Amino acid sequence: MNFDLSDEQKMLGEQARGLLADMSPYDRLRSLIDSGAEWDEALWRALAGMGFLGAAVPEEHGGLGLGALDLGVIMEALGRANAAVPFMSSIVLGAEAIRLAGSEEQKAEWLPKLASGEAIATLAYAEGPGPVFARGVTIEGGKLTGRKSPVADAGVADIAIVLIAGGGFALVELDQPEVKRTRLESFDQLRPHYCLDFDGAAAEPMAGGGKLDRLIDQAAVQAAFEAVGAADACLHMARDYAMERQIFGRPLGGFQAIKHKLADVAVATELARSNAYYGGWAAESSPGDLPAAAAAARLSGIKCFELAARENLQVHGGIGYTFEANCHFYYRRERMLAVHLGNRGFWADRLLNALPGSQGKAA
Amino acid sequence: MDFNDSPGEAAFRAEARDWLATHAPAHELAPGAKMPDTEEADRGRAWMRELYAGGWSGLTFPKALGGRGLSGIEAVIFAEEEGKYHLPKGPFTSIGTGMALPVIARHGNDEQRARFIEATLKGDITWCQLFSEPAAGSDLAGLRTKAVRADDGSGDWIVNGQKLWSSWAHLTDWGILVVRTDPTVPKHKGLTFFVVDMKTPGIETRPIRQISGASEFNETFLTDVRIPDANRLGAEGEGWACCMTVLMGERLGSGAHRGGIEPLLDYAAATPDGHGGNMLDDRAVRLQFAEALAEEQGERFFQARLRTMVSKGENPGALAGMVKLAYASRYQKTNGLALELRGLAGIAPEADDTATGDVQYDYIYSTVMRIAGGADEVLRNQIAERVLGMPGEMRMDKDVPFEKLKG
């Protein structure tokens with residue numbers, strides 16, 4: 001057994017972290033919010049330039065053909081920086097959906113463009129309040145009808161992979177008159193969301209049905225890496241502030257009330273990281289174990305980031321409530337990550353249902 | 001990254017499995033068997049002798065001292081395979097191998113090593129731990145049991161005081177003992193470490209009546225107990241360093257835990273919900289158990305990361321405390337939840353409902369896990385200070401001679 005990232009993976013993570021530290025400091029995030037920007041396009045181009053967008057895209061389609069753990073260390077760096085880019089939408093969900101369920105023509109057409117960043121994809125699955133994997137949109141004779149909302153990053157996306165009636169996917173180009181995009185007020189100010197109305201839009205059904213489970217299991221592992229990176233950033237932001245801030249004649253971080261809080265965040269984060277590693281390993285090497293591993297990673301990822309985002313702001317006190325402090329980026333992002341891909345209750349069912357001898361019962 | 005055994009590990013596992021298949025069944029205890037403590041301890045010794053004869057004792061202990069000098073991973077593999085049999089193992093064996101041996105190996109002299117190590121590995125000598133006191137638990141260095149030199153010129157020590165929570169002290173041969181030999185210096189500096197023959201006159205062991213109803217822990221009274229100077233480990237005043245060696249063994253050893261989530265899922269599924277289904281259909285119950293299960297899995301993979309660190313020669317340090325900190329509260333919470341979802345029958349089950357008895361016992365016993373081997377609060381301090389680099393606690397007693405402290 002060797003249960004650690006490889007030296008190459010650690011190096012890849014450091015490269016991603018370095019790039020994001022240079023290009024996506026908190027002041028940059030503030031200016032993106034102030035300007036109402038759709039995304040950080042310069043950062044996206046830089047990620048493309050480093051080959052990160054195509055990391056897990058097969059080599060025959062213009063990517064590097066790396067695995068889930070390699071993608072994971074990049075996701076961890078993106079989470080840590082709270083980056084304003086559609087990596088989850090376009091790479092983890094969009095490109096993977098095409099790889100898993102697309103025809104050879106669809107793969108050949110879109111994967112190279114997604115890997116290079118020339119095109120952007122998103123996954124359109126929710127349909128208003130309630131469970132997020134909704135299937136009310138229909139396709140008939142190549143025409144797509146219905147509403148998906150909210151859809152992340154649809155303002156910059158060229159294509160959407162749409163979850164449709166019957167549980168399959170359709171691929172639709174968004175730049176056509178039969179697709180109406182309405183920008184919504186997004187709680188995460190750095191990840192815009194849209195309402196998409198399809199009024200007989202030209203769309204291609206995708207070949208492979210039944211790939212949703214595999215797609216979201218893989219994505220859940222990546223979301224756990226993202227959450228772990230973000231939680232770790234919150235933990236260290238809180239720690240650094242508590243060490244510097246003097247209160248009652250000594251550092252705030254010397255009080256057990258603060259030490260114990262942050263120790264709990266550290267434990268939750270390391271347990272979630274361990275589940276993310278196992279999920280990445282299972283996705284690459286032991287697919288039968290992926291459903292349980294993905295659900296555990298997803299649940300513990302949500303838990304650690306929730307705790308870290310809340311307690312980071314709390315440790316900062318009133319300062320944490322200002323736009324000038326940096327806690328709010330994570331506080332908002334955390335809620336978005338907690339509900340995208342299905343919430344805690346959804347993944348709790350998947351975890352119990354994945355157990356052998358099943359205690360299962362889908363609620 | 002590879003979660004599976006390497007070829008070398010797989011070969012070791014196969015070797016362990018074969019040996020166990022031949023030798024373990026004769027030593028197994030029947031499921032749910034109740035027997036007198038003395039018999040359990042004797043059977044424990046017999047299994048120790050078997051392990052020693054087969055070359056499976058002291059796996060990580062240095063070869064020069066009679067161990068096999070293997071890595072932590074191999075010890076884990078053996079423990080996993082051994083754990084498939086219901087064998088007579090407990091504090092009466094593990095205190096010797098996990099605590100007494102490391103401290104004797106590190107702080108003892110050649111004569112002491114020759115006298116105790118092989119005999120302990122063989123199960124000829126079993127051990128108890130005489131550390132905690134009524135007024136010294138998490139603050140162990142505040143202990144008050146004192147030793148003074150006998151005034152007859154023999155060099156012997158005369159010990160007086162009271163020790164607490166000494167598992168199996170009534171049935172073990174020797175104890176590891178820390179006492180105060182100099183009250184005029186600050187508390188950590190005035191301690192000295194001994195091994196003591198539990199048959200020495202003046203040692204009286206009384207069972208503690210515990211909240212579980214069982215009495216596996218004792219209080220041990222020491223009245224004018226005479227210990228030869230040859231049984232001192234390390235120098236006078238070096239007792240604290242010896243304690244640290246022992247406690248490190250305790251921390252790294254607390255890996256195997258009872259109280260997994262899956263039996264509780266079965267328990268919930270066997271409890272009707274009053275609407276034609278069972279309690280595992282309840283969304284709130286599912287969510288709480290699933291989160292606990294996710295944490296349990298994370299802990300397992302976290303331990304795999306720690307073992308990988310150890311195998312690379314890195315020291316996990318206070319990271320290791322995260323395992324017990326997460327485990328103990330989860331153990332309490334999930335068993336508390338299980339009793340609750342059972343309804344009133346969780347409190348007063350009928351005679352044939354043995355599952356509820358187990359859940360009740362675990363709920364009671366979980367309180368021990370949150371305290372013993374590093375209380376939750378101590379572990380949180382250690383994680384904050386040693387993992388996150390936060391300031392240490394303010395200590396009022398640091399430079400004060402022990403005899404001047406209040407209380």
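How many residues does the contact take from chain B and from chain A? I was looking at a predicted model, and there I found 39 residues from chain B and 39 residues from chain A.

Next I looked up which helices of chain B touch chain A. I noted α7 (262-269), α8 (283-311), α9 (321-342) and α11 (376-387), each supplying at least two residues. α8(B) gives the most to this side, with 16 residues. I then sorted the side of chain B that touches chain A by class, and got 22 nonpolar, 6 polar and 11 charged residues.

I stayed with α9(B) and turned to its neighbour α10 (residues 354-371) of chain B. Their axes come within 8 Å and cross at roughly 150°, which means that α9(B) is roughly antiparallel to α10(B). I logged the crossing as left-handed. Among the residues making this contact are B:Tyr331 and B:Leu339 from α9(B), and B:Val359 and B:Tyr363 from α10(B). By class, the contact of α9(B) with α10(B) has 8 nonpolar, 8 polar and 3 charged residues.

Last, I checked strand β3 (residues 157-164) of chain B. Its covered face holds B:Trp157, B:Val159, B:Gly161 and B:Lys163, while B:Ile158, B:Asn160, B:Gln162 and B:Leu164 lie on the uncovered one.

Strand β2 (residues 146-149) of chain B runs antiparallel to β3(B), joined by 4 bridges, and β7 (residues 218-227) of chain B pairs with β3(B) in the antiparallel sense over 7 bridges. B:Ile158 stands opposite B:Val148 and also opposite B:Arg226 in β7(B).

Terms used
Residues are numbered from 1 along each chain as its sequence is written. Chains are lettered from A and ligands numbered from 1 in the order in which they are written. This is a predicted model: local features need pLDDT of at least 70, side-chain atom pairs count only at pLDDT 80 or more; totals for chains, interfaces and linings use all residues. Two residues are in contact if their C-beta atoms, placed from the backbone, lie within 7 Å. Ala, Val, Leu, Ile, Met, Phe, Trp, Tyr, Cys and Pro count as nonpolar, Asp, Glu, Lys and Arg as charged, and the others, Gly among them, as polar. Axes are lines fitted to C-alpha atoms, for helices over the stretch in contact, and angles run from 0 to 180 degrees between N-to-C directions. Angles under 35 degrees count as roughly parallel, over 145 as roughly antiparallel, 65 to 115 as roughly perpendicular and the rest as oblique. A crossing is left-handed if the near helix is turned anticlockwise from the far one by less than a right angle, and right-handed if clockwise. A residue is buried if 20 or more other C-beta atoms lie within 10 Å of its own, exposed if 12 or fewer, and partly exposed in between; C-beta atoms are placed from the backbone. Two strands pair if DSSP finds at least two bridges between them.
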